[in-house]
Amino acid sequence: MGGCEVRHLFVAVFALWSLALPFSSERAEAAAPPPVSQAQAALYAKANDLYRQGRYEEVTRLLADEVSVSEMPHPYVSILLGVSQMSLGRNDEAVATLDKALSAYPEDPSLRYNYAVALMRGEQHAKAAAAFQKAAEVAAPAAAGDVRFQAAQCWNAAEQNEKALDLLTPLCASGAAKNEWLYLAAVLNVEKGSWKNAEGYFHRLVTRNPQTLNYWKGLAHTRLQQGDKDGAIAALEIASRLHGATEREKRELAQLYHYASAPLLALETQKTLPNTTESSRMRLRCLERANRNLELAAYAAEQNRAAPNAELCWIEGVAHYRAGKRPEARRAFVRGAELAGNDAQRCRLMVGLLAWEAGDFQAAREAFSCLSDSSVYGSQARQALDALDSLAEGQAALLPF
């Protein structure tokens with residue numbers, strides 16, 4: 001698979017984490033906020049109640065003056081105002097609100113975290129990544145890993161995957177690494193072409209979660225890229241036994257079997273799928289790769305009856321020819337030659353070839369004459385006609401192609 005497919009089969013998901021007012025139950029050491037008066041406490045309680053009801057516009061009106069007139073507004077007030085602004089889609093305002101608060105409380109973990117979230121929500125991915133890294137430095141130890149992972153997600157969204165991997169690699173070295181950390185590390189290593197590293201991450205994932213089909217597909221793909229076809233097929237076999245695959249996943253499994261040079265396994269998977277154009281073409285390719293020529297000819301003929309086209313006639317004819325069924329091959333090519341397009345022309349060329357082989361030189365001459373002006377096959381057709389003229393004059397002649 002190419003890099004594009006790989007990005008289509010294993011996408012690095014950049015997800016917005018839900019906003020949370022408290023950063024952690026444990027807070028790192030930070031500058032103490034100013035004392036809260038009874039009136040302020042009542043105001044904050046009212047704002048918090050409005051926020052929990054989803055009445056974000058009312059929260060912003062209630063708190064905007066409190067934050068704007070104070071040189072050191074309480075961190076909780078700034079966070080509540082900032083997340084309300086984000087909930088209204090006013091991310092630039094949220095960034096400004098939280099940035100002002102950080103100038104007064106630069107070590108406050110919740111402020112640091114929510115400032116990074118505001119940048120992320122505003123799609124300022126590189127700045128958000130750097131902000132999450134700073135937030136991780138002041139976060140409680142139990143939260144720091146998740147915050148660094150969010151920084152890695154932002155570096156990924158900013159298309160700076162090396163920086164993302166610089167954060168993920170030490171995170172994933174721990175036995176306590178979370179599955180989402182390992183998966184993003186695996187995907188980024190796939191995009192980088194570091195197949196061995198990616199395989200290691202996928203192997204850890206399938207060990208932990210054998211029911212997740214995507215992990216098995218990743219493991220199979222990375223093994224296939226390293227030339228380990230047996231290992232790739234083994235991963236797919238385990239996946240198919242452990243997981244009740246959806247129709248889409250079965251198609252992907254069949255494609256991976258095909259790429260792993262296991263056409264018979266691909267065929268068995270294909271048989272469980274509805275008969276769509278995509279699945280039909282995959283089945284034709286698998287039959288051809290498995291050298292099941294008579295089955296290929298029969299299946300191509302069946303598909304051709306439903307929607308006649310010269311390509312299917314060509315496939316049927318070639319399959320019969322490889323199986324040694326010359327008359328059947330000729331009939332398939334004759335049907336294809338009567339249709340349109342380049343496939344019809346190459347079918348007509350084969351009609352001429354098989355007529356020559358059968359000693360029917362008149363039919364061969366007719367077929368080649370129809371192609372003498374073809375931009376694709378004209379040269380071959382004219383050479384064949386010259387050879388037929390030599391035969392007519394009693395000279396020995398071989399088909400020139």
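**Exercise 1: an antiparallel pair**

Helix 18 (residues 310-322) packs with helix 19 (residues 326-337) at an angle of about 165 degrees, their axes lying 8 Å apart. Before you start, note that this is a predicted model, where local features need pLDDT of at least 70 and side-chain atom pairs count only at pLDDT 80 or more, while totals for chains, interfaces and linings use all residues. Residues are numbered from 1 along each chain as its sequence is written, and side-chain values use heavy atoms, with hydrogens and water left out.

Task: work out how helix 18 and helix 19 are oriented, and what makes up their contact.

Solution, step by step:
- Start with the terms: helices are DSSP runs (H or I, at least four residues) numbered from the N terminus. Axes are lines fitted to C-alpha atoms over the stretch in contact, and angles run from 0 to 180 degrees between N-to-C directions.
- Angles under 35 degrees count as roughly parallel, over 145 as roughly antiparallel, 65 to 115 as roughly perpendicular and the rest as oblique. Helix 18 and helix 19 are therefore roughly antiparallel.
- On the helix 18 side, the contact (heavy atoms within 4.5 Å) includes Ala310, Cys313 and Trp314, and on the helix 19 side Arg326, Glu328 and Phe333 are among the residues involved.
- Sorted by class, that contact has eight nonpolar, three polar and four charged residues. Here Ala, Val, Leu, Ile, Met, Phe, Trp, Tyr, Cys and Pro are nonpolar, Asp, Glu, Lys and Arg charged, and the others, Gly among them, polar.

**Exercise 2: one tyrosine**

Task: is tyrosine 115 buried or exposed, and what does it touch?

Solution, step by step:
- Tyrosine 115 sits in helix 6 (residues 109-121).
- Its relative accessible area is 16%, so tyrosine 115 is buried (buried is under 20%, exposed over 50%, partly exposed in between, with a 1.4 Å probe and protein chains only).
- Leaving out residues up to four places away in sequence, tyrosine 115 touches Val95, Leu98, Asp99, Leu102 and Ala131.

Note on methods: Helices (H or I, at least four residues) and strands (E, at least two) are DSSP runs, numbered from the N terminus.
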